[in-house]
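User: Got a chain here I'd like to go through. Can you take me along it, fold pattern to start?

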Amino acid sequence: MAHYRASESKREQFRRYLEKAGVLDSLTNVLVALYEETDKPNNALDFLKHHLGVAGAEPADAEALRLELTELQQKWDLLMEENKDLRNRLLQYEPAPEDGAAE
């Protein structure tokens, strides 16, 4: 009997935690929205994810973003190398400033 009470106590604590965090309200609202849909979606789980805001980027979009990131990283590397080269060329024509030495 004590095991039953401990288990109920943990369940009650978890239920209060979910209520306090707003999880139960969010789930209830999404389930009500799904119930009230006149044209039920083919995939109820996708409906729940979308309405809870956890759908995330589509795989095709994620792959396009990865490719763009790779291209931008390569471009950045080239620009940094060009910047370094231009600074070195500039130093050939202008002497580097001395540290606090004013003669």
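Analyst: Read along the sequence, the pattern is α-α-α-α. The chain has four helices and zero strands. Helices (H or I, at least four residues) and strands (E, at least two) are DSSP runs, numbered from the N terminus. This is a predicted model: local features need pLDDT of at least 70, side-chain atom pairs count only at pLDDT 80 or more, and totals for chains, interfaces and linings use all residues. Residues are numbered from 1 along each chain as its sequence is written, and side-chain values use heavy atoms, with hydrogens and water left out.

User: How much of the chain is buried?

Analyst: Buried residues are 5% of the 103. Buried means under 20% relative accessible area, exposed over 50%, partly exposed in between (1.4 Å probe, protein chains only).

User: What does UniProt say about 62–89?

Analyst: The unreviewed UniProt entry annotates residues 62–89 as "coiled-coil region". Such annotations may be inferred rather than shown by experiment; positions follow the numbering used here and feature names are shortened. In the model, that stretch is 100% helix and 0% strand. Its end C-alpha atoms are 40 Å apart.

User: Switching topic. Where is Asp85, and is it buried or partly exposed?

Analyst: Asp85 sits in helix α4 (residues 59–93). Asp85 counts as partly exposed because its relative accessibility is 40%.

User: And Leu27: which helix?

Analyst: Leu27 lies in helix α2. Leu27 has a relative accessible area of 36%, so it is partly exposed.
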